[in-house]
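Please open the model and keep it beside this note. The points below are meant to be read in order, with the chains in view.

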Amino acid sequence: MAQTQLEGAQRIGSRFPKLTFILDRGKQFGPRVGRLCLTRPSDSPSNHVIDIRTPNFLIGTSRGAVPHFSRDHVHSAKGISWINVSFESFLEQTPPVPTYQTGSQPLHNFLGFDSSKHIVSLSLRDPLDAREMPPNGNSHVSASCMRGVRKVTLADWRSYVLTMQPDIAFALSDTPFTVAPHSQKRLTKSIERSAAWLADLLRPVENMMDDSFSESTSAALNVFVHMAGGTSTSARRAFSHSLMETLYGLEADAVKPLLCLDEGVAGYAFDLAALHNSELLAQTPTPNTAGTPTSLSSSMIEPLSFLSLTPTLDELLRASLDSLPIAKPRLVTDVRSPHEILCLIRDIGVDVFDAGWAVKAADIGVALDFIFPVPSGHDSGPNHCKRDIGHNLYDAKYAHDFVSLSDAFLAGHNGTSSSKTPVCPCAACSPVAPTSPIYHSKVDVQSHQAQSDDGTSREQFLPPFTRAYLHHLLHTHEMSAHTLLVAHNVVILDALLTGVRTILSGHADQNEAEVIFAREVTRFEEVYDGAMSVLHTARDNWKDVKYARGKGRLLREAQKEKDVRL
Amino acid sequence: MQFEVIAKCHTTRARVCRMKLAHGITMLPTFMPVATQAAIKGLTPQQVESLGITLILNNTYHLNLRPGIKVLDEVGGAHKFQGWNRNLLTDSGGFQLVSLSKFTNITEDGALFASPFNGEPTMLTPEESISIQHSIGADIIMQLDDVVSSLTVGPRVGEAMHRSVRWLDRCIEQHEKSGRKDKQNLFAIVQGGLDPALRDICLDAMIERKDQVTGYAIGGLSGGEEKGGIKQCADRLPSDRPRYSMGVGFAEDLLVCVALGVDMADCVFPTRTARFGVALTFKGPLNLKLGKHTKSMEPIDKNCPCPTCASGMSRAVLHHIVTIETAGAHALTIHNLVFQARVMGGARDAILEGRFPEYLKSFFFDYFGDTGYPEWCVNALRSVGVDLMQGVDVPVS
């Protein structure tokens, strides 16, 4: 064991891929397009460049797995190019089991991600988890795993990161998950610690100096930093300032050759989960961003008069970014609606979003159905009601609905090149027949020959899975429902961001592009329900099915349906 | 159905057959995974097909409740509903009436049970079972039989057997007049409990009806370790009809059944045990929940072609997610289905190549060499001329 870790450390110097971000256009605040390029070292087994056009998204993992996906689905899924792994679930064992993985790209290999296709980042905590936690210390963070809370020290984190060799690592951040409000003193401590902890991860790797083969001095760990400062704009400014400050003395020596911390930072991360939970923000009238999942229920939905970000959240992000260079990627986790994504692109210029909300929608049986920009003729909802952003497939109205999951997209099977409506390429809407099934005996070839002989030209796409089928799977508690819905929802999110990029890069004049984009965002807000009421109803239905399981379920459900009708 | 025996084992009664149905060719002997509610747990039909599986089972009882016949009629059957383009088999719904329903009262007319929707008495007749199966549209459908537990003794067993024969006639009549005989194939179910005399009477009656049925299932024997009934049936059933042993899924049971002359079997075991964290291997089942797998960087079986093992997914990763993440269930379900298919595919090759007895011996040695051979397996295989104990030093348990 000790030996494998030693070998790992010896490899490190030359193994970091190089992450670059090229901002095609954009200013300090406002919509922007760019590309994030990950170039693996020339001697790596997969000599590939991964190119992600921004704005784009990442998908988080649960216990190291993309939720509801088997590995073959992760590899064949459309749209997934950045996967974030939260390490904390692995703290159940000491040392954490992934650190036993040998070979190059241990994190990719341990979890089965494709290093020619997937950028894999590593954070200690799950950015969507904002539950209350014991306080952090001066040099440790409280992390959560199934066996309880674990203290992770700076040294631990640094060694996990160096051993696992993620493409991108998130520096530890002192975000208080204790009961709010937090004192001025606590905030000050939080930004000081966060800066110091960042500096610790930016310390050069010892072996790098000896590595005569590392021709590129810039091949350092790619570090993203959480923008600390909580709900205080001044604390946020102070934190950003500390990143830009020229370092002297011991501090400078520690991170040599960096002149300031920001030089070693590859990107800025904003975890909205902590802000969503904060009482300070909850007081502002923003039901669509301030609700916590546990308090959501259909009875609580208020009619929503405005959909844009609260000035407060907006101001917080601006306060952090104001003094920082513009050409670094900005990542936001725990967004909760397409509306919020569009506003963050329009008003701030965020480059990467996490897909957690789309996965959660799949968890509770919602098939997303929206499109950006909204095509003409798509606006008329019945009775001038706004359209839902998806379908709650628990609803009985889908029991006989034999069409594919989205109205805004066609199934591959039904798509024609002449149609203006785009095709949804997901595994639910555009399933593809397997090309090379496993043979288990010599004679198995007969089973497959006959199939291919039948239809001389097999269609590219099989008929889509229908809403009626998904409705059935949800009510029978079949896991396949969630697999298909994650595949679909992720593609719909991908299409949203592709739509954004197309508008923003489709006009020679940047101001014109921005005006058109802003107009399309407004139109999107007018057409689609930003209160996301469909998610709340679905969550209630999901709970009903979950709790009704077991003997006598059908009777209980029939009874309930009768009660609803009365 | 076109059914052709391609090869026979020189020693045992095992055989390789080619069964052509409306949705393609399935090579036998084969194991049929169970998609109770029109989905193999957690997988998509494309994934299942990619594993080399060409025949799965749906449960009539469940599909009749959800999504219901109306939905299936509207969409044009269960194949289209679930997006499965390969062969499909449905049971009659009778077994679940007995195993799941609160009270079931069997009368000559049919099975009277409490509707799970409203508790009201509902009758499932043989005619209705067939007509539900017509709506589902499976390539192979089953007669409704009068199921009694294999523990039942006394006159009830005989009554159930005789009634099953009478119900078969009603099922045949319903099927004949449906006009679906070209697409759907009716199988009879041989009953008779553990009583060889009763089973013989049942066999006589059902073989008499050979021209009206395309295959035979052997019922009421899945639970026990007594394979005498299966041997008795397989010996007497006509060789130009497929033989289906219902509810058999353990690898050793499967191979014994194949040796006795069985062509098809189904069971929820491999998919269910996957959800509980157990991977099936040629060296016996592997419970990945156990602490000893925590740090194991090995795959379940490095020779296994399933996507889980082929991706190098380690036992450590599986230990971390099984029974917690759905992805853990998917990974093991995929693996276990491929394991079942490999056991049966290996049997097909061995029969074709005239080395099936050796295949049995090496399988049992790998699978049970450490713990000892189950006595019933040794006895059952001796009855078809294979002596597992010959030349090996393995205890019998």
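1. Start where the chains meet. Chain A puts 54 residues in contact with 62 residues of chain B; a contact means that the C-beta atoms of two residues, placed from the backbone, lie within 7 Å. On the chain A side, these elements each give two or more residues: helices H2 (71–76), H3 (106–111), H14 (445–454), H15 (467–475), H16 (480–505) and H19 (553–565) of chain A. Helices (H or I, at least four residues) and strands (E, at least two) are DSSP runs, numbered from the N terminus. H15(A) supplies the largest share, five residues. By class, the chain A side has 29 nonpolar, 19 polar and six charged residues. Nonpolar covers Ala, Val, Leu, Ile, Met, Phe, Trp, Tyr, Cys and Pro; charged covers Asp, Glu, Lys and Arg; the others, Gly among them, are polar.

2. Know what you are looking at. This is a predicted model, in which local features need pLDDT of at least 70, side-chain atom pairs count only at pLDDT 80 or more, and totals for chains, interfaces and linings use all residues. Residues are numbered from 1 along each chain as its sequence is written, while chains are lettered from A and ligands numbered from 1 in the order in which they are written.

3. Check the confidence. The model scores ipTM 0.97 and pTM 0.93. Chain B averages a pLDDT of 94, and 98% of its residues score at least 70. pLDDT is the predictor's confidence in each residue, from 0 to 100. Where pLDDT is low, predicted coordinates should not be read in detail.

4. Return to H15(A). How do H15(A) and H16(A) pack? Their axes are 8 Å apart, at an angle of about 130°. Axes are lines fitted to C-alpha atoms, for helices over the stretch in contact, and angles run from 0 to 180 degrees between N-to-C directions. H15(A) and H16(A) are therefore oblique to each other. Angles under 35 degrees count as roughly parallel, over 145 as roughly antiparallel, 65 to 115 as roughly perpendicular and the rest as oblique. A:Leu470, A:Leu473 and A:Leu474 in H15(A) meet A:Ser480, A:Ala481 and A:Leu484 in H16(A). That contact holds five nonpolar residues, one polar and no charged.

5. Now look at a helix pair in chain B. The axes of H7(B) (155–176) and H8(B) (196–208) come within 10 Å and cross at roughly 5°. That makes H7(B) roughly parallel to H8(B). Among the residues that meet are B:Val157 and B:Met161 in H7(B), and B:Leu198 and B:Ile201 in H8(B). The contact has nine nonpolar residues, one polar and no charged.

6. Chain B also has an open sheet. Its three strands run in the order E7-E8-E9, with antiparallel pairing. Strands pair if DSSP finds at least two bridges between them. E7(B) (104–106) and E9(B) (121–124) stand at the edges with a single partner strand each, so one side of each lacks a neighbour in the sheet. Neighbouring strands are turned by 25° against each other on average, direction ignored. E7(B) and E8(B) (111–114) pair over three bridges. B:Thr104 has B:Phe113 in E8(B) as its bridge partner.

7. Finally, see how chain A divides. Domain 1 spans 2–354, and domain 2 spans 366–434 + 443–565; the bounds come from an automatic or database domain assignment. The contact takes 33 residues from domain 1 and 34 residues from domain 2 of chain A. On the domain 1 side, H12(A) gives the most, with six residues.
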